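Hello,

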Amino acid sequence: MALEHAILVSLLEKPGSGYELARRFERSIGYFWTATHQQIYRVLKRMEADGWVDVRGVPQRTRPDKKEYSVAAAGREALSRWLHDPIEPESVRHDLAVKIRGAAFDDPAALVREVERHQRMHRDRLAHYLAGEERDFGTAPDAPTPPDPGRELQHAVLRGGIAYERMMIDWLDDVLATLHRLGPGR
């Protein structure tokens, strides 16, 4: 996937400025696809030149006018082509897993603090995801409403993130138990 596709999806969900897009990447999309502010602005400029996005100036009182981006017809067509193209499953590249394997040739107990640090990070991210799920989707709908595909698919992606974090926490629990069982300086 290219950053262009992530930007198109975000702009279809809600048009916005480059700054607003960067904030969305920090808050939600960024957990699945990361990009710096500079990358976002550079790609937006290219997408504008390619006719994938429309830009309109939005006057502001106390600040310079901002550019608000929305998806143009050519951008929708590009996204549609990409959505219909098959993609290969991602290969996992996991530095911590290599360290854990390598610990067999050193002191396995030396990795306990690092694994605990990763575990805390995954617990924090899980808590963040769960809070976002409660905030954005609640525990149950108040009244039956017509299905909103965008909302339902956003929730499906969030549930995938929640499942991933739970899986990582379970795996790290197992790794810690193994490291403790092996003990220091076997």
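Predicted model: local features only at pLDDT ≥ 70, side-chain atom pairs only at ≥ 80, totals over all residues.

Residues are numbered from 1 along each chain as its sequence is written, and side-chain values use heavy atoms, with hydrogens and water left out.

α1 and helix α4 (residues 73-84) pack at about 120°, their axes 10 Å apart; axes are lines fitted to C-alpha atoms over the stretch in contact, and angles run from 0 to 180 degrees between N-to-C directions. On the α1 side, H5, L8, V9 and L12 make the contact, and on the α4 side G75, R76, A78, L79 and W82 (contact: heavy atoms within 4.5 Å).

Helix α2 (residues 18-27) has G18, L21, A22, R24 and F25 buried, meaning under 20% relative accessible area with a 1.4 Å probe, protein chains only. These buried residues fall within an arc of 155° seen down the axis of α2, so they line one face of the helix; the arc is that of the directions from the helix axis to the C-beta atoms. They pack against α1 (3-13), α3 (37-49) and β2 (66-71).

α2 and α3 pack at about 130°, with axes 9 Å apart. The contact involves G18, Y19, L21, A22, F25 and E26 of α2, together with H37, I40, Y41 and L44 of α3.

Regards

Methods:
Buried < 20%, exposed > 50% of the residue type's maximum accessible area, 1.4 Å probe, protein only. Helix = DSSP H or I, 4+ residues; strand = E, 2+ residues; numbered from the N terminus.
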